[in-house]
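Colleague: I would like to go through this model with you, starting with one of its loops. Could you bring it up?

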Amino acid sequence: MKINKLIFRSNTIMVLLPLMLLFIVGGTLVSTFNEYYIDNRIEKVQLNKDVYKIQTMFNNMKTPNTDWDEISTDVSKYGYHLYVAKDQTKIYSNLNKHESSYIEDFPKIKKGQNNAVYHWDYATIVRKEFDSNRHHYDLIIINVKKNSFWTILEHGGFKMFLVMYFVIALVGIMIIILSSQLFTKRLVKKVKAPISQLMDGEKRIEAGNLHEPIVYQGIEEFEMLCSTFNQMQSHLLEERERNEKYEKARTDMISGISHDLRTPLTSVKGYIKGLLDGVAKTPEKQHQYLMIAYKKAGDMDLLLQRLFDFSKLETGNMPFVKKKLAFDLFLEQFVEEVRDDLAIQQVKVTLSLTNEEHNVAIDIVLIKRVLINLIENSLKYAENDHLQISFTLIKINRLEVLEIKDNGKGVDEAKLPHLFEQFYRGDESRNSKTEGNGLGLYTSKYIIEEHGGTISAANQDGLKIIITLPSIF
């Protein structure tokens, strides 16, 4: 469930539940009172059955010099209570508070009606007035048939009803507050659970533990957040493992390059030393020593150039100066340049072209470096005494596709996807034929991709490298 829905539902319940309770209680009160009033409205006009006995007792009273307690005792047998006033001043009363309210609101009796019977709501009232010794006496005997909340409400008890309803409303407010606290506490608990897990996860990452994911199911937004956190943690773990692998490869590369530089350098020093010591006495021998030293120096220069390229590649400072040209003519010139050198190593190189325009925008120096890297890779790993390298250029849709294929032993299928990775070497052994530093193909991939192209490898009776470059029209 989404958090906005959860908050909306909780707030709605917090408000509606107490209000519904208030409406239910209020409706029940009104409905009950209305039903009670309808059912008993006939009873309200019925006189007490003993009213005429009380009236007879009043008629027999001749003088106010009466024992009011005795009269009160007599009328109480019939459920009546006595109230006596002398000159409008109460001189005797055994009425309760509710019965007294009838006396306070009771209307004056008209002159001549000095012994009358009345019915008012649920009360039966017998009243007698007389004068004696210049004093006016008012005797009232009252019987309230029903003394309940409803009779009180109907007779001057509306204020009490309001008070009771106010109390109920106050209780309702308390229910609102309590339910609000209850649902808020529940909501906070639901929200804090994933937050606590995220904080624990952050502490685990800070401590270096990237293997334990967050497991949470609940609020949809927090599920997505925890999932994103797990993905971030997974990426961090992958990055850390990749960096560890990268650092190991760099260490191996430094070790390998040290070896690669030491070997030709030792040879150069050895042959120069031979010349200085007069070991090579004939001009032919001296020329041979110098050629070998020159070649070894060239190997060191090539290695240093690759390191220089790698440094520029890592810092993003490798410059690209692209020029629009005919790719087929460029390849023809390149093959002519390397053919003689390859022939000396008993390597045959061929070029196949189609009768189409092959216009591209490339950095000539860098693309030549890519092609040289690929040729050297074949020389190192083909392991064929009659090595043949073929260049084939075709156009497919808007792409120039260059295939560079040798007739060597190829590459293990498991290693093909890794050929262009940083510091990767197809043959882990370091010998005179297969020594490498894992930079050539990685740098080639970088250069081709910066030209908007792709480079890949496959086995086809040897190793085949496929390069694609966007065609210019």
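Modeller: Here it is; please note that this is a predicted model. Arg134 is found in the loop between strand S4 (123-132) and strand S5 (135-144).

Colleague: Is Arg134 buried or exposed there?

Modeller: Arg134 has a relative accessible area of 87%. Because the cut-off for exposed is over 50%, Arg134 is classed as exposed.

Colleague: And what is the phi of Arg134?

Modeller: Phi is near 65 degrees for Arg134, which is a positive value in a residue other than glycine.

Colleague: Where does Asn397 lie?

Modeller: Asn397 belongs to the loop that runs between strand S9 (388-396) and strand S10 (399-406). Its phi is positive, near 55 degrees, and Asn397 is likewise a residue other than glycine.

Colleague: Why does Asn397 count as exposed?

Modeller: The relative accessibility of Asn397 is 69%, and exposed means over 50%, so Asn397 falls in that class.

Colleague: Let us turn to helices. At what angle do the axes of H10 and H11 cross?

Modeller: Helix H10 (residues 364-381) and helix H11 (residues 440-450) have axes that cross at roughly 145 degrees and come within 9 Å. The crossing is left-handed. On the H10 side, the contact is made by Leu366, Ile367, Val370, Asn373, Leu374 and Asn377. H11 contributes Gly440, Leu441, Ser444, Ile447 and Ile448.

Colleague: Now the surface. Which residues form the nonpolar patch?

Modeller: The patch consists of Val163, Phe166, Val167, Leu170, Val171, Ile173, Met174 and Ile177. Together they have about 730 Å² of accessible area.

Colleague: Where does Val171 lie, in terms of helices?

Modeller: Val171 is in helix H6, which covers residues 158-206.

Colleague: Why is Val171 called partly exposed?

Modeller: Val171 has 45% relative accessibility. Partly exposed covers the range between the buried limit, under 20%, and the exposed limit, over 50%, so Val171 is assigned to that class.

Colleague: Finally, the chain as a whole. How many helices and strands are there?

Modeller: The protein chain has 11 helices and 12 strands. Of its 473 residues, 37% are buried.

Colleague: What about contacts along the sequence?

Modeller: Taking contacts between residues at least 6 apart in sequence, 67% join residues at least 24 apart.

Notes
Residues numbered from 1 in each chain as written. Predicted model: local features only at pLDDT ≥ 70, side-chain atom pairs only at ≥ 80, totals over all residues. Heavy atoms only, no water. Patch = residues over 30% accessible without salt bridge, like charges linked within 9 Å, V, L, I, M, F, W, Y side chains within 5 Å. Areas by Shrake-Rupley, 256 points an atom, 1.4 Å probe, with all protein chains shown as cover. Salt bridge = Lys/Arg side-chain N within 4 Å of Asp/Glu carboxyl O. Helix = DSSP H or I, 4+ residues; strand = E, 2+ residues; numbered from the N terminus. Buried < 20%, exposed > 50% of the residue type's maximum accessible area, 1.4 Å probe, protein only. Contact = heavy atoms within 4.5 Å. Axes fitted to C-alpha atoms, helices over the stretch in contact; angles between N-to-C directions. Left-handed = near helix turned anticlockwise from the far one by under 90°.
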